[in-house]
Amino acid sequence: MVKVLHFTYMETTTIKTVIPLQIPFLQPFIYKFVKASAVKFGRLMKLNEDKDIFGRCCLDYFAGDKDAKIIVNTDIAETDELPAEHLFRDFENMPSHEQAALQQARGDILDIGACAGSHALYLQDLGYNVTALDISKGCCEVMQKRGVKNVVCGDIFKFSGKTYDSILLLMNGIGIAGNLPKLPELLDHLRTLLNPGGKIIFDSSDLQYLYLEEDGSISIPLTDRYYGELIYNLEYKGKQSGEFKWFFVDPYTIEAVAGECNFKMQFLAEGPHYDYVGCLY
Ligand SMILES: C[S@@+](CC[C@H](N)C(=O)[O-])C[C@H]1O[C@@H](n2cnc3c(N)ncnc32)[C@H](O)[C@@H]1O
(Lines give C-alpha, C1' and ligand atoms only; values in the text may rest on other atoms or scores of the structure.)
Protein backbone atom coordinates (compact mmCIF):
# COMPACT_ATOMS: atom_id res chain seq x y z
CA MET A 1 0.00 0.00 0.00
CA VAL A 2 1.36 3.45 -0.94
CA LYS A 3 1.59 6.17 1.72
CA VAL A 4 2.20 9.90 1.95
CA LEU A 5 3.55 12.07 4.76
CA HIS A 6 2.12 15.54 5.21
CA PHE A 7 4.58 18.38 5.81
CA THR A 8 6.90 15.49 6.77
CA TYR A 9 4.40 14.75 9.50
CA MET A 10 4.77 11.20 10.71
CA GLU A 11 1.29 9.79 10.06
CA THR A 12 0.74 8.19 6.68
CA THR A 13 -2.24 7.84 4.34
CA THR A 14 -3.11 5.96 1.20
CA ILE A 15 -2.52 7.56 -2.18
CA LYS A 16 -5.49 8.03 -4.53
CA THR A 17 -3.81 8.00 -7.92
CA VAL A 18 -1.29 5.69 -9.52
CA ILE A 19 1.22 6.79 -12.06
CA PRO A 20 4.24 6.03 -14.84
CA LEU A 21 8.81 6.31 -14.88
CA GLN A 22 11.59 8.19 -13.56
CA ILE A 23 14.84 7.60 -11.67
CA PRO A 24 16.67 9.78 -9.18
CA PHE A 25 19.63 10.83 -11.35
CA LEU A 26 17.17 12.23 -13.91
CA GLN A 27 15.78 14.71 -11.39
CA PRO A 28 18.04 17.66 -12.27
CA PHE A 29 17.08 17.32 -15.96
CA ILE A 30 13.42 17.01 -15.15
CA TYR A 31 13.75 20.11 -12.98
CA LYS A 32 15.01 22.05 -16.02
CA PHE A 33 12.04 20.82 -18.02
CA VAL A 34 9.63 21.80 -15.28
CA LYS A 35 11.26 25.22 -14.89
CA ALA A 36 11.08 25.93 -18.62
CA SER A 37 7.49 24.83 -18.98
CA ALA A 38 5.96 26.46 -15.90
CA VAL A 39 4.44 29.80 -16.72
CA LYS A 40 2.65 30.77 -13.55
CA PHE A 41 3.32 30.28 -9.88
CA GLY A 42 0.49 28.86 -7.86
CA ARG A 43 -1.48 30.36 -5.08
CA LEU A 44 0.42 30.25 -1.80
CA MET A 45 -1.11 29.96 1.65
CA LYS A 46 -3.18 33.16 2.11
CA LEU A 47 -4.77 34.01 5.45
CA ASN A 48 -7.67 35.83 6.97
CA GLU A 49 -8.85 34.87 10.45
CA ASP A 50 -11.20 32.06 9.33
CA LYS A 51 -8.59 30.69 6.97
CA ASP A 52 -5.86 30.79 9.59
CA ILE A 53 -6.12 27.04 10.10
CA PHE A 54 -2.77 26.54 11.86
CA GLY A 55 -3.38 29.59 14.06
CA ARG A 56 -6.90 28.69 15.18
CA CYS A 57 -5.95 25.10 15.86
CA CYS A 58 -2.82 26.07 17.84
CA LEU A 59 -4.73 28.70 19.85
CA ASP A 60 -7.39 26.12 20.80
CA TYR A 61 -4.77 23.54 21.76
CA PHE A 62 -2.91 26.09 23.86
CA ALA A 63 -6.21 27.07 25.54
CA GLY A 64 -6.74 23.44 26.59
CA ASP A 65 -8.39 21.62 23.67
CA LYS A 66 -5.87 18.78 23.59
CA ASP A 67 -7.84 16.98 20.84
CA ALA A 68 -7.55 19.88 18.38
CA LYS A 69 -6.48 18.63 14.97
CA ILE A 70 -6.27 19.81 11.39
CA ILE A 71 -7.93 17.81 8.61
CA VAL A 72 -5.47 17.54 5.72
CA ASN A 73 -6.89 17.19 2.20
CA THR A 74 -4.63 16.93 -0.83
CA ASP A 75 -5.13 16.17 -4.49
CA ILE A 76 -3.15 12.93 -4.31
CA ALA A 77 -3.79 11.33 -0.93
CA GLU A 78 -6.67 10.24 1.23
CA THR A 79 -7.82 12.73 3.86
CA ASP A 80 -5.58 12.70 6.92
CA GLU A 81 -5.34 14.36 10.33
CA LEU A 82 -2.60 16.48 11.86
CA PRO A 83 -3.06 16.64 15.65
CA ALA A 84 -2.08 19.99 17.18
CA GLU A 85 -0.13 18.00 19.75
CA HIS A 86 2.49 17.31 17.08
CA LEU A 87 2.98 21.04 16.50
CA PHE A 88 3.68 21.47 20.24
CA ARG A 89 6.24 18.62 20.39
CA ASP A 90 9.28 18.97 22.61
CA PHE A 91 12.81 17.92 21.62
CA GLU A 92 12.41 14.37 22.98
CA ASN A 93 9.31 13.86 20.85
CA MET A 94 10.81 15.17 17.64
CA PRO A 95 11.88 12.68 14.97
CA SER A 96 15.61 11.97 15.08
CA HIS A 97 16.35 13.72 11.75
CA GLU A 98 14.67 16.87 13.11
CA GLN A 99 16.80 16.65 16.26
CA ALA A 100 19.85 16.34 14.01
CA ALA A 101 18.75 19.46 12.11
CA LEU A 102 18.42 21.50 15.31
CA GLN A 103 21.90 20.46 16.39
CA GLN A 104 23.30 22.20 13.30
CA ALA A 105 21.80 25.60 14.18
CA ARG A 106 24.21 28.31 15.38
CA GLY A 107 24.36 32.01 16.23
CA ASP A 108 21.48 34.25 15.19
CA ILE A 109 18.70 31.94 13.97
CA LEU A 110 15.63 32.59 11.82
CA ASP A 111 12.94 29.90 12.13
CA ILE A 112 10.64 30.27 9.10
CA GLY A 113 7.08 28.94 9.40
CA ALA A 114 7.72 28.54 13.12
CA CYS A 115 4.03 27.72 13.86
CA ALA A 116 3.68 26.91 17.59
CA GLY A 117 7.36 27.74 18.14
CA SER A 118 8.59 24.31 19.23
CA HIS A 119 11.96 24.55 17.46
CA ALA A 120 12.36 28.23 18.34
CA LEU A 121 11.75 27.56 22.04
CA TYR A 122 14.23 24.68 22.15
CA LEU A 123 16.98 26.77 20.54
CA GLN A 124 16.13 29.86 22.60
CA ASP A 125 16.48 27.74 25.76
CA LEU A 126 19.95 26.71 24.57
CA GLY A 127 20.87 30.41 24.56
CA TYR A 128 20.63 31.21 20.86
CA ASN A 129 19.14 34.43 19.59
CA VAL A 130 16.10 33.12 17.69
CA THR A 131 13.62 35.00 15.53
CA ALA A 132 10.43 33.00 14.89
CA LEU A 133 8.61 34.08 11.75
CA ASP A 134 5.13 32.95 10.73
CA ILE A 135 2.44 34.33 8.45
CA SER A 136 -0.29 33.17 10.86
CA LYS A 137 -1.42 35.72 13.45
CA GLY A 138 -2.82 32.93 15.61
CA CYS A 139 0.50 31.06 15.58
CA CYS A 140 2.38 34.24 16.45
CA GLU A 141 0.04 34.84 19.40
CA VAL A 142 0.65 31.28 20.60
CA MET A 143 4.42 31.66 20.28
CA GLN A 144 4.34 34.87 22.31
CA LYS A 145 2.24 33.17 24.98
CA ARG A 146 4.66 30.23 25.05
CA GLY A 147 7.57 32.57 25.69
CA VAL A 148 9.26 32.95 22.30
CA LYS A 149 11.04 36.29 22.67
CA ASN A 150 11.35 37.46 19.06
CA VAL A 151 8.21 36.73 17.07
CA VAL A 152 7.65 38.26 13.66
CA CYS A 153 4.24 37.92 12.00
CA GLY A 154 4.71 38.08 8.26
CA ASP A 155 5.30 36.47 4.91
CA ILE A 156 8.85 35.24 4.38
CA PHE A 157 8.82 36.58 0.83
CA LYS A 158 8.32 40.11 2.24
CA PHE A 159 10.69 39.78 5.20
CA SER A 160 14.00 41.62 5.02
CA GLY A 161 16.32 43.93 6.85
CA LYS A 162 18.16 41.52 9.17
CA THR A 163 20.63 38.71 8.55
CA TYR A 164 21.17 35.37 10.29
CA ASP A 165 23.75 32.63 10.78
CA SER A 166 21.19 29.82 10.49
CA ILE A 167 17.84 29.76 8.71
CA LEU A 168 15.51 26.89 9.59
CA LEU A 169 12.85 25.47 7.29
CA LEU A 170 11.62 22.45 9.24
CA MET A 171 8.65 20.13 8.78
CA ASN A 172 9.19 20.48 5.05
CA GLY A 173 9.27 24.27 5.31
CA ILE A 174 11.04 24.49 1.95
CA GLY A 175 7.55 23.78 0.53
CA ILE A 176 6.66 27.35 1.46
CA ALA A 177 7.88 28.24 -2.04
CA GLY A 178 4.66 26.61 -3.31
CA ASN A 179 6.14 24.71 -6.22
CA LEU A 180 9.50 23.76 -7.67
CA PRO A 181 9.75 26.60 -10.22
CA LYS A 182 9.43 29.08 -7.37
CA LEU A 183 12.21 27.51 -5.31
CA PRO A 184 14.99 29.66 -6.86
CA GLU A 185 13.06 32.79 -5.89
CA LEU A 186 12.88 31.55 -2.29
CA LEU A 187 16.58 30.59 -2.22
CA ASP A 188 17.67 33.90 -3.76
CA HIS A 189 15.62 35.73 -1.15
CA LEU A 190 16.99 33.62 1.71
CA ARG A 191 20.52 34.41 0.56
CA THR A 192 19.83 38.08 1.32
CA LEU A 193 18.96 37.04 4.90
CA LEU A 194 22.15 35.03 5.50
CA ASN A 195 25.32 36.27 7.17
CA PRO A 196 28.59 35.31 5.43
CA GLY A 197 29.16 31.62 6.22
CA GLY A 198 25.49 31.19 7.16
CA LYS A 199 23.42 28.08 6.42
CA ILE A 200 19.87 27.14 5.47
CA ILE A 201 18.87 23.97 7.32
CA PHE A 202 15.83 22.18 5.92
CA ASP A 203 14.09 18.83 5.84
CA SER A 204 11.93 17.27 3.17
CA SER A 205 10.91 13.91 1.72
CA ASP A 206 11.35 12.23 -1.62
CA LEU A 207 7.79 11.44 -2.68
CA GLN A 208 9.11 8.93 -5.20
CA TYR A 209 7.97 6.20 -2.83
CA LEU A 210 4.39 7.09 -3.68
CA TYR A 211 4.96 5.70 -7.15
CA LEU A 212 6.66 2.45 -6.21
CA GLU A 213 5.20 -0.54 -8.09
CA GLU A 214 4.94 -4.06 -6.72
CA ASP A 215 7.85 -5.21 -8.94
CA GLY A 216 10.13 -2.53 -7.40
CA SER A 217 9.99 -0.13 -10.38
CA ILE A 218 8.97 3.48 -9.96
CA SER A 219 6.31 5.01 -12.22
CA ILE A 220 6.07 8.79 -12.22
CA PRO A 221 4.25 10.81 -14.92
CA LEU A 222 6.38 13.16 -17.02
CA THR A 223 4.03 16.12 -16.79
CA ASP A 224 4.80 19.82 -16.31
CA ARG A 225 4.37 19.30 -12.60
CA TYR A 226 7.22 18.01 -10.45
CA TYR A 227 6.10 14.85 -8.64
CA GLY A 228 6.62 16.36 -5.18
CA GLU A 229 4.05 19.11 -5.73
CA LEU A 230 0.69 18.83 -3.99
CA ILE A 231 -2.42 20.96 -3.73
CA TYR A 232 -3.58 21.19 -0.13
CA ASN A 233 -6.85 22.29 1.43
CA LEU A 234 -6.73 22.28 5.23
CA GLU A 235 -9.80 22.21 7.45
CA TYR A 236 -10.34 23.07 11.06
CA LYS A 237 -13.72 23.09 12.83
CA GLY A 238 -15.70 23.48 9.63
CA LYS A 239 -13.55 26.22 8.04
CA GLN A 240 -11.21 25.63 5.14
CA SER A 241 -7.94 27.25 4.16
CA GLY A 242 -8.87 27.10 0.47
CA GLU A 243 -6.52 25.40 -1.97
CA PHE A 244 -2.85 26.24 -1.81
CA LYS A 245 0.32 24.72 -3.24
CA TRP A 246 3.08 23.12 -1.20
CA PHE A 247 5.79 20.73 -2.29
CA PHE A 248 8.30 18.15 -1.15
CA VAL A 249 11.67 17.95 -2.84
CA ASP A 250 14.06 15.04 -3.29
CA PRO A 251 17.73 15.61 -2.41
CA TYR A 252 18.96 15.30 -6.03
CA THR A 253 16.60 17.96 -7.31
CA ILE A 254 17.23 20.46 -4.54
CA GLU A 255 20.97 20.01 -4.94
CA ALA A 256 20.59 20.86 -8.65
CA VAL A 257 18.31 23.85 -8.06
CA ALA A 258 20.43 25.15 -5.21
CA GLY A 259 23.53 24.76 -7.42
CA GLU A 260 21.96 27.07 -10.00
CA CYS A 261 21.44 29.57 -7.18
CA ASN A 262 25.12 29.22 -6.18
CA PHE A 263 24.46 27.21 -3.03
CA LYS A 264 26.25 23.99 -2.15
CA MET A 265 24.26 21.27 -0.45
CA GLN A 266 25.28 18.96 2.34
CA PHE A 267 23.17 15.90 3.16
CA LEU A 268 23.01 15.85 6.96
CA ALA A 269 20.72 13.05 8.08
CA GLU A 270 18.18 10.54 6.90
CA GLY A 271 14.75 10.16 8.48
CA PRO A 272 12.72 6.99 9.00
CA HIS A 273 10.43 7.42 6.00
CA TYR A 274 12.19 8.71 2.84
CA ASP A 275 12.77 12.00 4.65
CA TYR A 276 16.09 13.72 5.08
CA VAL A 277 17.79 16.84 6.42
CA GLY A 278 20.04 18.96 4.27
CA CYS A 279 21.90 22.18 4.59
CA LEU A 280 22.57 24.82 1.93
CA TYR A 281 25.57 27.12 2.29
C1 LIG B 1 3.60 22.73 8.52
S2 LIG B 1 3.67 24.17 9.48
C3 LIG B 1 5.34 24.07 10.01
C4 LIG B 1 5.45 24.00 11.45
C5 LIG B 1 6.76 24.13 12.15
N6 LIG B 1 7.91 24.51 11.33
C7 LIG B 1 7.02 22.82 12.84
O8 LIG B 1 7.94 22.10 12.41
O9 LIG B 1 6.32 22.50 13.80
C10 LIG B 1 3.86 25.44 8.25
C11 LIG B 1 3.88 26.84 8.85
O12 LIG B 1 4.32 27.75 7.84
C13 LIG B 1 3.57 28.95 7.97
N14 LIG B 1 3.64 29.66 6.67
C15 LIG B 1 3.05 29.30 5.50
N16 LIG B 1 3.37 30.15 4.52
C17 LIG B 1 4.20 31.09 5.08
C18 LIG B 1 4.88 32.23 4.57
N19 LIG B 1 4.78 32.58 3.28
N20 LIG B 1 5.67 32.96 5.41
C21 LIG B 1 5.79 32.59 6.72
N22 LIG B 1 5.16 31.51 7.26
C23 LIG B 1 4.38 30.77 6.45
C24 LIG B 1 2.19 28.47 8.37
O25 LIG B 1 1.43 29.47 8.99
C26 LIG B 1 2.51 27.32 9.31
O27 LIG B 1 2.59 27.73 10.64
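Strand 5 (residues 108-112) runs parallel to strand 8 (residues 164-169), with three bridges joining the two; strands count as paired when DSSP finds at least two bridges between them. Strands here are DSSP runs of E with at least two residues, helices are runs of H or I with at least four, and both are numbered from the N terminus. Within this pairing, D111 sits opposite L168 of strand 8. This is a predicted model, in which local features need pLDDT of at least 70 and side-chain atom pairs count only at pLDDT 80 or more, while totals for chains, interfaces and linings use all residues. Residues are numbered from 1 along each chain as its sequence is written.

Strand 5 also pairs with strand 6 (residues 129-134), again in the parallel sense, over five bridges, and here D108 faces N129. Together with helix 5 (residues 118-125), strands 5 and 6 form a right-handed β-α-β unit: with the strands pointing away from the viewer, the path from the first strand over the helix to the second runs clockwise. Four of the five residues of strand 5 are buried, so the rest of the structure largely encloses this strand. Buried means that 20 or more other C-beta atoms, placed from the backbone, lie within 10 Å of the residue's own.

Turning to helix 3 (residues 84-87), A84 belongs to this element. A84 counts as buried because it has 24 C-beta neighbours inside 10 Å. Beyond its neighbours within four places in sequence, A84 touches C57, C58, Y61, A68 and K69, contact being C-beta atoms, placed from the backbone, within 7 Å. The C-alpha atoms of A84 and A68 are 5.6 Å apart, although 16 residues separate the two along the chain.

Methods. A residue is buried if 20 or more other C-beta atoms lie within 10 Å of its own, exposed if 12 or fewer, and partly exposed in between; C-beta atoms are placed from the backbone. Two residues are in contact if their C-beta atoms, placed from the backbone, lie within 7 Å.
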